[in-house]
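Subject: Structure for you to look at

Hello,

Here is the structure I promised to pass on. Please open it alongside this message; my notes follow below.

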Amino acid sequence: QINKISSAGENDLYNNKDRPVKDWVGLLEPTNTKVLAKYDHQYWGKYAAITENKYGKGKVFYVGSYLDRDTLSLLYEYILKNLGLWSIKQRQIFPIINKKLYNSKLNKNLDFYFNYSNKKQRISYTSNKKGVDLFSNKKVEVGQTFVLNPWDLSIILN
């Protein structure tokens with residue numbers, strides 16, 4: 001561990017504080033760019049760790065160090081929200097895999113929830129309308145949680 005970073009600026013990364021930086025540190029000197037994170041270090045505090053800038057019709061994000069999983073997750077969430085690609089499904093993280101299939105004949109969705117682990121997992125039903133669990137035939141409400149056994153799956157029709 002080289003040092004820790006803390007975020008700066010008015011954005012979704014403001015609460016990313018005291019996260020470890022490992023292996024390497026790029027000392028980014030921001031000019032005309034938005035600083036998303038900076039180094040919390042006596043000498044390197046003036047440098048940016050993560051920046052965001054306009055590039056053509058889009059945006060570019062530059063990460064100047066090896067970040068931990070939590071910091072990367074926050075950054076990905078920020079980017080996806082910023083680009084309008086974020087949905088509540090992204091809150092499901094491995095070992096939970098959530099896939100959706102549209103059945104055009106029924107005009108219905110099938111939500112698949114897979115538990116790829118040896119432990120029971122508490123799952124949040126992330127669809128925007130209620131459904132029916134095809135194995136138990138029980139109704140599932142939006143936002144409802146349920147337990148998925150190890151290496152099991154649930155299919156919800158909505």
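In this predicted model, five strands make an open sheet. Their order is S7-S8-S13-S10-S11, and the pairing is antiparallel. The edges are strand S7 (96-103) and strand S11 (139-140), each of which pairs on one side only.

Look inside the sheet at S10 (residues 131-133) and S13 (residues 153-157). These strands run antiparallel and are joined by two bridges.

Next, the helix. H1 covers residues 69-82, which is 14 residues. At 1.5 Å a residue, H1 should span 20 Å.

Which residues of H1 are buried? They are Thr71, Leu75, Tyr78 and Ile79. Viewed down the axis of H1, these buried residues fall within an arc of 95°, so they line one face of the helix. Just after H1 comes Gly84, with a positive phi of about 75°.

Now the aromatic rings. A pair of rings is described by the distance of the centres and the angle of the planes. The model has six aromatic pairs. One of them is Phe61 with Tyr78, an edge-to-face pair. Their centres are 6.3 Å apart, with 85° between the planes. This pair links distant parts of the chain: Phe61 sits in strand S5 (residues 58-63) and Tyr78 in helix H1, 17 residues apart. Tyr78 has a relative accessible area of 5%, which is under the 20% cut-off, so Tyr78 counts as buried.

Tyr116 and Trp151 make another pair. Their ring centres lie 5.8 Å apart and their planes are at 80°, so this pair is edge-to-face. It too connects distant parts of the chain, 35 residues apart. Tyr116 is in the loop between strand S8 (108-115) and strand S9 (121-124). Trp151 is in the loop between strand S12 (145-148) and S13.

Are these two residues buried or exposed? Tyr116 is partly exposed, with a relative accessible area of 36%. Trp151 has 54% relative accessibility; the cut-off for exposed is over 50%, so Trp151 counts as exposed.

Both residues belong to a cluster. Ring pairs link Phe112, Phe114, Tyr116 and Trp151 there.

Best wishes

Methods
Residues numbered from 1 in each chain as written. Predicted model: local features only at pLDDT ≥ 70, side-chain atom pairs only at ≥ 80, totals over all residues. Heavy atoms only, no water. Helix = DSSP H or I, 4+ residues; strand = E, 2+ residues; numbered from the N terminus. Expected span 1.5 Å × (residues − 1). Buried < 20%, exposed > 50% of the residue type's maximum accessible area, 1.4 Å probe, protein only. Arc of directions from axis to C-beta. Pairing = 2+ DSSP bridges. Phe/Tyr/Trp six-rings, centres within 6.5 Å; stacked < 30°, edge-to-face > 60°.
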